[in-house]
Structures are given as structure tokens and as C-alpha cells.
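This briefing is meant to be read alongside the sequence and the structure. The points below are grouped by topic.

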Amino acid sequence: MLAARMARLWLGVVLVVALGALGVAWRVARPPQPRGYSGLEFARVTAAAAARAPLLSTRGALVEDVADDSPAAKAGIEPGAVVFRIDGVAITSARQASDLVRGHGAGDRVRFTLFDESGSAIHPRTVIVTFDAAPPASKTVFSVDPPRV
């Protein structure tokens, strides 16, 4: 009887410790919440981009998507560009670029150094993105009205 109570007690302790460890791991692994909106989505530099510019094989983050009507689109950033620096910080991965962007809030003016391919040459260019508070409201209106015959 005493052994069964001790086993249940230890099982409870192990369960509490395991749940606590899981909560800590979830908190640590979760990326920070964005404070502002840029409209950028990053990806690793692809093999094709690295082949065109060997310097980019170990540096930079590929701009995979730019939301329409976003601060990044207004600044002239296009998908396919490679972000080499953000506010003077050399970028080594898409995760690092995302974390730096997430750290900026509405109204922040952030300097991006990009490498764009035009023709057969790669040209650096610097743009300033002024972050918004949130994405623009969707202009899409959904309707449940049946079609007219």
C-alpha cells in the first residue's frame, strides 16, 4: 500500500517536471512576436542564387515574397532579392533576418542592403523601409449570396 502511494507520488512529480520542461522548450523555440509590419517573407539562399553569386552561398537571406501594398513593396523590394545587411548587421540566415525584422516596431525606419541581379551582374542597393503597425485591411469581401439565375 505504501509502495503504491509512493509510486503515484513520484509519477505526479515526474509529470509536473516534464510539463514544466515542455513549457520552457516551447517558450524558447518560439520566434518573437512581430511588433511592426514590413510585408517581407524570407527563405534560405537557393543553390541557383548562390551559383550566380558565390559570395551569397554563406551570407544573406532570400526575399521569397513581398506582400502587395506593404512597406517593403513601397520601398521597392521585390521577390528574389537577397538581403545582405539589415541596419548594418550582416545577415547569415533567413532566421536571423526574420528575427531582426520582428524586433522592429511601427514607425521604425530600417535600412536593408540588398543584392539584386540585373543582367549578368549583381548590384548592391540600399533601401529604407518604414514599418507599419499591421498589415493593411483586406479588401476582399466574401459573400454567401447564392448566384442569380
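A residue is called buried when its relative accessible area is under 20%, exposed when that area is over 50%, and partly exposed in between. V13, with a relative accessible area of 38%, is therefore classed as partly exposed. The model is a predicted one, and the values below are computed from it.

**Overall make-up**

- The protein chain contains four helices and six strands, and from the N terminus on these elements follow the order α-β-α-β-α-β-β-α-β-β.
- Among the 149 residues of the protein chain, 27% count as buried, while the chain exposes about 10,200 Å², of which carbon and sulfur atoms supply 61%.
- Taking the contacts in the protein chain with a separation of 6 or more, 56% are between residues 24 or more positions apart.

- V13 belongs to helix α1, which covers residues 2-29.
- Together with L2, M6, L9, W10 and V17, V13 makes a nonpolar surface patch of about 620 Å².

**The nonpolar cores**

- In soluble globular proteins, nonpolar side chains tend to be buried together.
- The largest nonpolar core here has 20 residues, and those with the most contacts inside it are L40, F42, V63, I77, V83, I86 and F112.
- At least two residues of this core come from each of β1 (40-43), β2 (61-66), β3 (82-86), α4 (94-102), β5 (109-118) and β6 (121-130).
- A second, separate core consists of five residues, including V45, V82, F84 and F115.
- Once neighbours within four places in sequence are left aside, I86 is in contact with I91, A97, L100, V101, V110, R111 and F112.

**Strand β3 and its partners**

- Because four of its five residues are buried, β3 is largely enclosed by the rest of the structure.
- β3 is joined to β2 by two bridges, and the two strands run antiparallel; within this pairing, L62 has V82 of β3 as its bridge partner.
- β3 is also joined by two bridges to strand β4 (residues 89-90), again in an antiparallel arrangement, and here R85 has A90 of β4 as its bridge partner.
- β3 and β4 form a hairpin with two residues between them, and D87, in the turn, has a positive phi of about 50 degrees.

- Side chains of opposite charge can pair when their charged atoms come close.
- With a cut-off of 4 Å between a side-chain nitrogen of Lys or Arg and a carboxyl oxygen of Asp or Glu, the count comes to one salt bridge.
- That salt bridge is formed by D99 and R95, whose closest N and O atoms are 3.4 Å apart.
- D99 and R95 are four residues apart in helix α4, so about one helical turn separates them.
- D99 counts as partly exposed because its relative accessibility is 28%, and R95 likewise counts as partly exposed, at 49%.

- G105 is located in the loop between α4 and β5, and it is buried because its relative accessible area is 6%.
- Not counting residues up to four places away in sequence, G105 touches R35, G36 and F131.
- Although G105 and S38 are 67 residues apart in sequence, their C-alpha atoms are 9.4 Å apart in space.

Technical notes
Residues numbered from 1 in each chain as written. Predicted model: local features only at pLDDT ≥ 70, side-chain atom pairs only at ≥ 80, totals over all residues. Heavy atoms only, no water. Patch = residues over 30% accessible without salt bridge, like charges linked within 9 Å, V, L, I, M, F, W, Y side chains within 5 Å. Areas by Shrake-Rupley, 256 points an atom, 1.4 Å probe, with all protein chains shown as cover. Buried < 20%, exposed > 50% of the residue type's maximum accessible area, 1.4 Å probe, protein only. Core = buried A, V, L, I, M, F, W, Y, C linked by side-chain atoms within 4.5 Å. Contact = heavy atoms within 4.5 Å. Pairing = 2+ DSSP bridges.
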